[in-house]
Amino acid sequence: MFLSIFSAVESGIIYAIMALGVYLTFRVLDFPDLTVDGSFVTGAAVAAISIVNGVNPFVATALAAVAGFIAGCFTGLLHTKGKINPLLAGILMMIALYSINLRIMGQPNVSLINEPTVFRQIAGIWEALGIDNALNSFTQMLGLAQAPRTWAILLIMIVVTLVIKFGADYFLKTEAGLALRATGDNQKMIRSFSANTDSYIIIGLGLSNGLVALAGAFIAQLGGFADAGMGIGLIIIGLASVIIGEALFGTKTIFRTTLAVIGGAIIYRIVVTLALRVDFLEAGDMRLITAILVIAALVSPKLIEARKEKKRRRQKQLARKGGGEHASSA
């Protein structure tokens with residue numbers, strides 16, 4: 001059980017990077033971007049084929065993020081300059097990226113089993129420091145018989161994800177970030193200040209898909225392969241992470257919201273992992289589990305708010321009734 005949850009948190013912290021990208025489009029820009037399903041694979045494909053061809057894994061990962069940024073910018077251009085509906089622009093780019101990703105890889109999948117990935121290089125340095133032995137000894141003291149092979153991936157990715165989170169927080173508070181948020185809230189208003197909303201939409205979509213592609217590159221290196229179909233339904237996972245995080249942790253500030261998105265991604269992976277351990281559920285049921293989680297996250301806050309409103313109305317009625325009885329007795 002511990003190893004299953006550990007693996008869920010490990011992959012969840014990487015998917016949190018993708019969820020932050022989805023947050024930028026769906027919440028900040030109010031843009032239903034379906035490019036995510038394609039740009040995630042683009043990141044995985046670029047990183048994988050670069051590593052296979054001898055490129056340094058860290059450089060390959062950076063190239064993956066750049067490729068995702070370019071894909072997002074094209075979606076923005078289709079919408080802003082081509083005047084295509086945002087939903088349709090995302091679908092068109094997602095379809096185009098499927099063929100582009102196959103062209104990049106040259107085949108449906110690329111193996112990284114025997115290649116020097118980012119995580120293998122980090123794990124090698126980590127092992128030399130002897131930190132794993134200390135952490136595994138601590139887990140044994142807590143009564144956990146099984147210990148993970150390495151803690152390097154989890155701890156390094158926590159640092160990377162937090163750096164991206166704080167970077168996003170800082171950017172969204174700058175003049176450009178505020179203009180981006182204003183573009184998502186009210187384009188007519190921000191245009192009245194002579195702001196170029198088209199540029200902000202293109203940049204916002206580029207940054208979003210850059211983060212999604214970066215997550216794809218990390219997932220490909222974690223799993224040891226890149227596959228043309230690994231991005232199918234990914235937008236639902238991203239939305240589930242955002243919605244679950246917002247429902248559980250709130251959205252009062254940018255800092256809190258981005259932290260909630262990260263928490264939502266991790267909780268999503270843990271819930272799915274635990275659900276798949278149930279006897280009557282299989283790996284093929286993961287999409288169904290995701291749909292149920294999203295429905296629950298969307299419906300629950302409304303039901304809770306409706307219940308609170310009903311309670312407030314009842315209290316007001318009782319207060320009026322009590323006031324009326326007091327006036328009649330007087």
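These legends go with close-up views of a predicted model.

**View 1. Phe119 and Phe218 form a tilted aromatic pair.** Let's start with the rings: the model holds three aromatic pairs. In the pair shown here, the ring centres of Phe119 and Phe218 are 5.8 Å apart and the planes meet at 35 degrees, so the pair counts as tilted. Phe119 belongs to helix H5 (residues 118-129) and Phe218 to helix H10 (residues 197-223), so this pair ties together parts 99 residues apart in sequence. Both Phe119 and Phe218 are buried.

**View 2. Lys165 places its charged end over an aromatic ring.** The ring is that of Phe255, and the charged end of Lys165 sits 4.0 Å from the ring centre.

**View 3. Helices H3 and H10 cross.** Here we return to H10, the helix that carries Phe218. The axes of H3 (residues 57-80) and H10 come within 6 Å, crossing at roughly 145 degrees. This crossing is right-handed. Sorted by class, the contact of H3 with H10 has 15 nonpolar residues, eleven polar ones and one charged residue.

**View 4. Helix H11 and the glycine that follows it.** H11 (residues 234-249) has 16 residues, which should span 22 Å at 1.5 Å a residue; the end C-alpha atoms are 22 Å apart, so the two values agree. Take a look at the buried residues of H11 as well: among them are Leu234, Ile235, Ile237, Val242, Ile243 and Ile244. Gly238, Gly245, Ser241 and Glu246 are also buried.

Methods: Residues numbered from 1 in each chain as written. Predicted model: local features only at pLDDT ≥ 70, side-chain atom pairs only at ≥ 80, totals over all residues. Heavy atoms only, no water. Phe/Tyr/Trp six-rings, centres within 6.5 Å; stacked < 30°, edge-to-face > 60°. Helix = DSSP H or I, 4+ residues; strand = E, 2+ residues; numbered from the N terminus. Buried < 20%, exposed > 50% of the residue type's maximum accessible area, 1.4 Å probe, protein only. Lys NZ or Arg CZ within 6 Å of the ring centre and 35° of its normal. Axes fitted to C-alpha atoms, helices over the stretch in contact; angles between N-to-C directions. Left-handed = near helix turned anticlockwise from the far one by under 90°. Nonpolar A, V, L, I, M, F, W, Y, C, P; charged D, E, K, R; others polar. Expected span 1.5 Å × (residues − 1).
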